[in-house]
Amino acid sequence: MNTGSVEPGDPKTVDVLVIGLGPGGASAARTAAAAGLDVLAVEHKRVLGEPVQCAEFIPNPMGAYARDAPIRQQRITGMQSILPSGHTHTSDFPGLMIDRAEFDRALAREAEAQGATLWTGTRLLRLDPAPGIAVLRRADTEYSIRYRTLVAADGPHSTTAARLGLAPLEVVQTRQYTVPLRQAFNDTFIWLSDAYPGGYAWLFPKGDVGNLGLGLDTRLQPDLKGPLEQLHRQLIKAGWVGATVHRRTGGAIPVGGPRKPLFQDRIVFVGDAGGLTHPITGAGIAAAVISGEAAGQAAAAFLHGDPTAFADYDEAMQDQFGPALDRAVARRQALTPLWLTPAAAEDATQRRGWVAFDDYFAAMAS
Ligand SMILES: Cc1cc2nc3c(=O)[nH]c(=O)nc-3n(C[C@H](O)[C@H](O)[C@H](O)COP(=O)(O)OP(=O)(O)OC[C@H]3O[C@@H](n4cnc5c(N)ncnc54)[C@H](O)[C@@H]3O)c2cc1C
């Protein structure tokens, strides 16, 4: 990776400072650099994309970003949603299982190929937004960077937002095991149950392994390990998966809907940092890539003299993602009081809370 050259204490100026090199930050860095801007993108992980914190499913339209063979792992045709009664609903839900670490690294390489400078092992420590100075730590050395615009792509617990004094995003927590598969599957599996309050459990097949996980509102149910191990045991007994756990992961997923607005002065939020992840499904890769690209273009427009570029970005993203995210937030709010009651064990309740069912899209009656 391009390491750039800045001496400690040297207040280097960049057009765009990108914080975080997940799909959102890499996409922003690529489009901003492609527009001719001087871009520095920093990521506190030492190895991009690792550890993976993802179930690794992308919908078909994202396939254009996953062309390299090592990224593509398996085709998915449908989704099987399993209700508390055991009834299974199958829906078309085509997409791809990917190697998420390779996916993130490929996006970062494209940003670098457009001329962005990438610094791994580098953390945003402090921000002074009035002059536009960010203090970064890289290998025990602090660097001050003067930025003309900043893209906050630093995930669900955005340091940028915290340093600006913005409220933390509401999140659910997840836990996931990668396990061997004893059968080949072409569908993803979703378990809807009162055992997973504020979330659901999943098995996403990826060749001869599967990502088995769950997400929960830990205010309603603090234990993630117990219910995941119980589902694992159930699937071992059913002959679906093996007992070995190849990889354990987890992480937070924003579920409160988008920040409003998605910018503050010359700082713009993308992906999870902007709350653009779907509050019911937890899917956020596509929104991160789309918002990242748009933010990079907005930064270019802003620096080329368009004073409303970030307001336009905000409007475009709220138009594109707002209706689906607002519906999901409303569904979560309607379900929250039911989770710890007998109603949570009823199929009808779970149908209203999951995207595979018409009931989810019906007018809010509950
Ligand atoms: C268990 C799990 C399963 C998921 N499964 C799916 C799925 O199957 N499909 C899907 O579409 N979505 C899924 N998601 C959501 C998806 O992973 C996110 O929506 C996506 O990663 C958002 O991309 P991003 O670039 O906005 O943020 P991130 O990918 O979170 O990237 C943010 C980056 O910022 C870095 N960073 C944070 N703070 C700092 C700092 N101070 N300085 C420097 N760098 C910093 C982080 O290290 C990180 O690399 C899942 C999430 C979880 C937790």
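A residue counts as near a molecule or strand if one of its heavy atoms lies within 4 Å of it. The model is predicted: local features need pLDDT of at least 70, side-chain atom pairs need pLDDT 80 or more, and totals for chains, interfaces and linings use all residues. Residues are numbered from 1 along each chain as its sequence is written, and side-chain values use heavy atoms, without hydrogens and water.

**View A. The shell around the ligand.** The ligand has 35 residues around it; G24, E43, F57, R100 and D272 come nearest. By class, the shell holds 14 nonpolar, 14 polar and seven charged residues. Here Ala, Val, Leu, Ile, Met, Phe, Trp, Tyr, Cys and Pro are nonpolar, Asp, Glu, Lys and Arg charged, and the others, Gly among them, polar.

**View B. Polar atoms at the ligand.** A polar contact is a pair of N or O atoms within 3.5 Å. A polar side-chain atom of E43 lies 2.6 Å from a ligand oxygen. For H44, a backbone N or O atom is 3.2 Å from a ligand nitrogen. A polar backbone atom of I285 sits 3.0 Å from a ligand oxygen.

**View C. Strand β12 (residues 200–206).** Seven of the seven residues of β12 are buried, meaning under 20% relative accessible area (1.4 Å probe, protein chains only). Y200, W202, F204 and K206 point one way; A201, L203 and P205 point the other. Strands are DSSP runs of E, at least two residues, numbered from the N terminus.

**View D. Partners of β12.** Strands pair if DSSP finds at least two bridges between them. β11 (residues 187–191) runs antiparallel to β12, joined by three bridges. W191 stands opposite A201. β13 (residues 209–216) pairs antiparallel with β12 over seven bridges.

Technical notes. A polar contact is a pair of N or O atoms within 3.5 Å; within protein, one must be able to donate a hydrogen and the other to accept it, and residues adjacent in sequence count only if both atoms are side-chain atoms. Buried means under 20% relative accessible area, exposed over 50%, partly exposed in between (1.4 Å probe, protein chains only). Helices (H or I, at least four residues) and strands (E, at least two) are DSSP runs, numbered from the N terminus.
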